[in-house]
Amino acid sequence: MTEPILDLRGVAKTYKSGVVALHPTDLAIAKGEIFALLGPNGAGKTTLISIVCGIVVPSAGSITVAGHDALTDAKAARRLIGLVPQELSVDMFETVLATVRFSRRLFGHSGHDAHIEQVLRDLSLWDKRDAKIMELSGGMKRRVLIAKALAHEPAILFLDEPTAGVDVALRRDMWTLVHRLREKGTTVILTTHYIEEAEEMADRVGVIDKGKLLLVDDKAALMAKLGKRELDLTLVEPIAAVPAALAQWAPTIENDGRTLRYVFDAKEERTGIPSFLTALRDEGIAFKDLETSKSSLEDIFVDLVGEKA
């Protein structure tokens with residue numbers, strides 16, 4: 001990785017009560033990268049983002065944002081960051097256009113209506129620009145938060161659980177926007193517990209649980225290293241139990257006995273498949289079809305943290 005646009009070294013947070021919200025964490029994010037931080041609710045995702053954005057003061061560690069020390073030069077670092085929080089935080093009596101303009105000027109930029117118009121059009125908000133925020137639907141209010149975060153043209157965009165509880169149309173528009181931002185060189189960091197979002201969009205994935213960053217890896221490499229494959233055999237005749245001769249492969253019976261499933265480690269030199277199929281033949285178990293599939297990030301996540309996201 002070249003010089004990272006965001007570099008965390010030993011960043012941690014322990015509250016006065018003794019609760020450890022974030023254990024010492026090292027994380028480097030490259031310019032233009034889409035990074036997904038996966039974890040269940042309460043894992044520490046929002047704490048990490050809040051520290052980088054200057055909302056929460058860390059107990060230890062250092063943070064560098066495009067060469068700026070986020071702790072000693074907070075204003076310069078924060079100017080490079082856009083944040084879309086989980087919770088709505090807007091003046092409900094203000095118009096869409098006015099609140100987005102205000103966010104831009106808050107960071108020292110001029111009105112620059114051309115940029116604001118483009119952002120609002122990208123988020124399907126241009127026709128609602130003169131509407132008061134209180135008049136908008138929940139999905140449209142979420143779009144306003146995104147527009148506010150993009151108003152000052154940040155180099156890094158944080159999306160904290162961006163599609164939790166939103167409609168399908170917004171989710172689709174948001175990911176189209178994320179692709180467009182990446183093409184312009186914007187770095188996008190999202191927290192989510194929707195596995196499919198990370199699997200579809202991210203370049204790299206981090207998994208966090210109980211305040212500990214368990215791993216960070218390229219999405220493809222992560223799945224190659226940790227992912228398992230499944231071999232499903234559709235049987236000619238259903239079986240009620242696994243024969244003792246097949247016990248060493250620990251297959252499972254699925255689909256009311258009509259499918260026999262064998263899970264194997266794809267990265268091992270010997271997968272055991274040839275000997276498994278030979279044993280099936282010796283047992284007189286015939287199959288009419290077979291299919292292999294690989295683990296999803298959902299499966300990998302469950303293996304790591306022991307629960308679904």
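**View 1. Helix α4 packs its buried residues against α3, α5 and α6.** In this predicted model, the helices that meet the buried residues of α4 span residues 96-106 (α3), 138-150 (α5) and 168-183 (α6). Helix α4 itself covers residues 113-122, and its buried residues are His115, Ile116, Val119, Leu120 and Asp122. Seen down the axis of α4, these buried residues fall within an arc of 160°, so they line one face of the helix. After α4, look for Ser124, which has a positive phi, near 55°.

**View 2. Strand β8 is covered on both faces.** This strand runs through residues 187-192, and six of its six residues are buried. Thr187, Ile189 and Thr191 lie on one side, while Val188, Leu190 and Thr192 lie on the other.

**View 3. Strand β8 pairs with β3 and with β7.** Strand β3 (residues 34-38) runs parallel to β8, joined by five bridges. Here you can find Ala36 opposite Leu190. Strand β7 (residues 156-160) also pairs with β8 in the parallel sense, over five bridges. In this pairing, Phe158 has Ile189 as its bridge partner.

**View 4. Arg204 reaches Glu33 through a polar contact.** You will find Arg204 in strand β9, residues 204-209. Its relative accessibility is 13%, so Arg204 counts as buried, the cut-off being under 20%. The contact joins the side chains of Arg204 and Glu33, at 2.4 Å.

Note on methods. Residues are numbered from 1 along each chain as its sequence is written. This is a predicted model: local features need pLDDT of at least 70, side-chain atom pairs count only at pLDDT 80 or more; totals for chains, interfaces and linings use all residues. Side-chain values use heavy atoms; hydrogens and water are left out. Helices (H or I, at least four residues) and strands (E, at least two) are DSSP runs, numbered from the N terminus. Buried means under 20% relative accessible area, exposed over 50%, partly exposed in between (1.4 Å probe, protein chains only). A polar contact is a pair of N or O atoms within 3.5 Å; within protein, one must be able to donate a hydrogen and the other to accept it, and residues adjacent in sequence count only if both atoms are side-chain atoms. The arc is that of the directions from the helix axis to the C-beta atoms. Contact means heavy atoms within 4.5 Å. Two strands pair if DSSP finds at least two bridges between them.
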